[in-house]
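I'm opening my notebook on this one and jotting down what I look up as I go.

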Amino acid sequence: MSPKIVSLSEEVRQALSHREPVVALESTIIAHGLPRPRNLEVATEFESTLRDQGVVPATIAILDGVAHIGLNSEQLDRVANDDTIRKFGYRDLAIAAGTRASGATTVSATAALARQAGIDVFATGGLGGVHRDWTVAQDESADLDVLSRTRITVVCSGVKSILDVDATLQRLETLNVGVVGYRTDTFPGFYLHSSGHDIDWTVDSPDVIAAIMRAQIEYGDNGALVVGNPVATQLQLDPQLHERVLTAGLEAARTDGISGQDVTPYLLSYLVEHTSGASLEANLAAVRGNVALAGEIATAYVRSI
């Protein structure tokens, strides 16, 4: 018999079997996005936010080759503090299972595993997308392909602002991934309230999003629904500081010969360092809002079915 490679926590299993609201959370922000010990504090905070809403959190990570959907306190501590925890996208899942490796899940891996478990809503910070200078490097996040064939509602603050936002929106359109703005008619800008790019659809309540999710099933739509939820204006990174530091960071990356998958972590770290941590605080403010909204959407959805 093949070893078990996907494991749902009892809390998540019970919630799904009783049609109670569940929200998936990625683990990359815990393992690789925040300094210790704040990473564990934030992970616990996100889960508590959902529980306070009557929603079950399902933080996802790969431990010793097993995809855990919902982590206990010991597992969450391991993800936060184990130096051997890697970062896994969707393409890494089978390899990790076969080699019994451990890693935190990115958007693509989290979305796929959540959908496999029967979870309908996923909260994160910013999606991956089309990188700048795509015509030269043809660098595009695997998030987009996975979302094009994974029916899950992803609450995010747009795509990471270091990317080519306009090209990413065009790519999402080509891939037939639905995009709506939550109480906004412009696509959120990750650290910024707005990216400056218009979107076609605005929704103003979790109930409307739940109705869209039901309609996706009726139409046989197997792609994701991206809900762009902007960080509050008063909590965003100063736009002029963002533009100045990002421009310098892009030049530094070229000078240092950074390319491919190394570009995103390089630039995100550069922004944290050269904004004295302000970019990190804006990112956390965005994720907090996304987690809370995801809980409301999950509750509205289970109430509607």
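**Entry 1: aromatic rings**

I started with Tyr270, which is buried, with a relative accessible area of 15%. For my own reference, buried means under 20% relative accessible area, exposed means over 50%, and partly exposed is in between, using a 1.4 Å probe and protein chains only.

Before going on I noted the ground rules: this is a predicted model, where local features need pLDDT of at least 70, side-chain atom pairs count only at pLDDT 80 or more, and totals for chains, interfaces and linings use all residues. Residues are numbered from 1 along each chain as its sequence is written, and side-chain values use heavy atoms, with hydrogens and water left out.

Next I looked for ring pairs. Rings of Phe, Tyr and Trp (its six-membered ring) pair if their centres lie within 6.5 Å; planes under 30 degrees apart count as stacked, over 60 as edge-to-face and the rest as tilted. How many aromatic pairs are there by this rule? I got 2 aromatic pairs. In one, Phe190 and Tyr191 have ring centres 4.5 Å apart and planes at 45°, so I wrote the pair down as tilted. Phe190 is buried at 3% relative accessible area, and Tyr191 is buried too, at 2%. In another, Tyr266 and Tyr270 have ring centres 6.4 Å apart and planes at 20°, so that pair is stacked. Tyr266 and Tyr270 sit 4 residues apart in helix H12, about one helical turn. (Helices are DSSP runs of H or I with at least four residues, strands are runs of E with at least two, and both are numbered from the N terminus.)

**Entry 2: helix H11**

H11 covers residues 239-255, which is 17 residues. From first C-alpha to last, H11 reaches 24 Å, close to the 24 Å expected at 1.5 Å a residue. The expected span is 1.5 Å times one less than the number of residues.

Which residues of H11 are buried? My list is Leu241, His242, Val245, Leu246, Gly249, Leu250, Ala252 and Ala253. They cover an arc of only 160° around the axis, which puts them on the same side of H11. The arc is taken from the directions from the helix axis to the C-beta atoms. I reminded myself that an α-helix has 3.6 residues a turn, so residues three or four places apart point the same way.

On the face turned away from the buried side I found the exposed residues Gln240, Arg244, Arg254 and Thr255. Helix H12 (263-274) is included in what covers the buried residues of H11, where contact means heavy atoms within 4.5 Å.

Asp238 caps the N-terminal end of H11, with a side-chain oxygen 3.2 Å from the backbone nitrogen of Gln240. Just after H11, Gly257 has a positive phi of about 70°.

**Entry 3: helix H4**

In H4 (residues 73-81) I marked Gln75, Leu76, Val79 and Ala80 as buried. Seen down the axis, these fall within an arc of 135°, so they line one face of H4. Ser73 and Glu74 are exposed on the face turned away from that buried side. The buried residues of H4 pack against helix H2 (28-31), helix H3 (38-52), strand S3 (56-63) and strand S4 (66-69). Asn72 caps the N-terminal end of H4: one of its side-chain oxygens lies 3.1 Å from the backbone nitrogen of Glu74.

**Entry 4: strand S2**

Are the residues of S2 (22-25) buried or exposed? Both faces are covered: Val22 and Ala24 are buried on one side, Val23 and Leu25 on the other. S2 pairs with S3 in the parallel sense over 4 bridges, and with strand S7 (residues 121-123), also parallel, over 3 bridges. Two strands pair if DSSP finds at least two bridges between them. Ala24 has Ala58 as its bridge partner in S3 and Phe122 in S7.

Most residues other than glycine have a negative phi, and most peptide bonds are trans. So I noted the exceptions.

- Arg36 and Pro37 are joined by a cis peptide bond, with omega about 0°; Pro37 is in the loop between H2 and H3.
- Asn176 is not a glycine, yet has a positive phi of about 60°. Asn176 lies in the loop between helix H9 (165-174) and strand S9 (178-182) and is exposed at 60% relative accessibility.
- Ser276, not a glycine either, has a positive phi of about 55°. I found Ser276 in the loop between H12 and helix H13 (278-304), exposed with a relative accessible area of 72%.

Terms used:
A polar contact is a pair of N or O atoms within 3.5 Å; within protein, one must be able to donate a hydrogen and the other to accept it, and residues adjacent in sequence count only if both atoms are side-chain atoms.
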